[in-house]
Amino acid sequence: MKEQMNEGIFDARKQLGWPKTIVLGLQHLFAMFGATVLVPALTGLSVSATLLFAGIGTLMFHFITKRKVPAFLGSSFAFLVGYWAIAPNKEPELLPYACIGVAAAGLMYVILSGLFKAFGTKKVMRFFPPIVTGPIIIAIGLTLSSTAINNCTTNWWLALVAILVVIVCNIWGKGMLKIVPILLGVVVSYVIAAVTGQVDFTAVAEADWVGLPFAWKNTAFSVFRDLDVSLLITAIITILPISLATMVEHIGDVCAISSTCGKNYIDDPGLHRTLLGDGLATFTAALFGAPANTTYGENTGVLALSKVYDPFVIRIAAVFAMLLSFSPKFAALISAMPGGTIGGVSLVLYGMISAVGVRNVVENKVDFTKSRNVIIAALILVLSIGIHYSIGSIAFTIGSITIKLSGLAVGALVGILLNAVLPGKDYEFGTDAQGDTSVNFKV
């Protein structure tokens, strides 16, 4: 049976039967759940739309990748900084503009997919080496850090409970406990808050059991009723560079899934197909007011734990996520999550994002004795973080349109340009498996 699984011809329905196959699907749902619903809780996006388009996006991805890759697409944390740059206080009238920016990032995946198909991964990745992507990821985490602290200050005890649960599960947990530390941190802290009377369940009691997952006013299409062209362009330019970090995460995840399953998905169905699937899933989700999608390391952990690599099991999890999206009462329960709980979990998460950036630089053995590398990393970090915390953004006017560039956008653009023009590019994708899989925002 093990040989069958590694060859990719293991059929869970035939070998295990429907009951066990469905249980495995629920296990994958459980693995992705905590991280996926945390993103709308942090940004103000719809929890129901998030679950619906996580499921739809996963099914789209499987269709585009010829139903070969056992990957689940959940919410991406990397884009949080983009949502907050456009809608810092979860303003419902501004979130659709941020969603259009995320949709543009999804289209960037589509463009990169075409470039990978036309020129090959190695040639394209020379323009996005770890000396560029690593500092960008570090800046993303550090830019988010103040938000985590602000949430923690609402109740430090709840935050500490969430932090401790995440750490304990991550370090000492076994099996599924180690795979879902975010979910467990949220659940334990939330339950303590509820028992001690620190959660207002009024909205939960008033919410319907069944309803539509999204409203038209929350979709990206709603901006065209009274379009602000300046804000639209600003959102696209601000959020688009984040796709560079998530692209590298995607490649690392596909490499990790390949290693886990014993199949080279980089070659078959091909990285151009997996990028295309991820990009179109993100584009579709963003248009309907859901977060960007990304391949989930948590579900790769379930694959390694269960030793069942049949992609059909992942598709069962996707269907369950879609069914759950039609319950407004459940969405209200997530929205009622106390700030201390969110702060504790996000404090660890945002720190981990920056740590992943450091890991990307270290494991790819970036040579900082070279002046070009020091200059590129220095300018990305100082511009990204300095602009964010000092002036918020750089504004310039073209005709009647005012465009604002966030610190991260400026840092990313400068880093990419410098890497392209300065001599001494020496990065080659595919020569170091550990380095290729170093970007993974899994906690």
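I looked for disulfides first (a disulfide being a pair of cysteine sulfur atoms within 2.5 Å) and found zero in the structure. Cys-152 is in no disulfide, and the nearest cysteine sulfur, that of Cys-169, is 18 Å away. I then checked Cys-255, which is in no disulfide either; its nearest cysteine sulfur belongs to Cys-261, 13 Å away.

I noted that this is a predicted model, in which local features need pLDDT of at least 70 and side-chain atom pairs count only at pLDDT 80 or more, while totals for chains, interfaces and linings use all residues. Residues are numbered from 1 along each chain as its sequence is written, and side-chain values use heavy atoms, with hydrogens and water left out.

I turned to helices H3 (residues 18-43) and H4 (residues 47-64); helices are DSSP runs of H or I, at least four residues, numbered from the N terminus. Their axes, lines fitted to C-alpha atoms over the stretch in contact, come within 8 Å and cross at roughly 130 degrees.

Which residues meet there? With contact taken as heavy atoms within 4.5 Å, Met-32, Phe-33, Thr-36, Val-37 and Pro-40 of H3 meet Val-47, Thr-50, Leu-51 and Ala-54 of H4.

Methods
Axes fitted to C-alpha atoms, helices over the stretch in contact; angles between N-to-C directions. Helix = DSSP H or I, 4+ residues; strand = E, 2+ residues; numbered from the N terminus.
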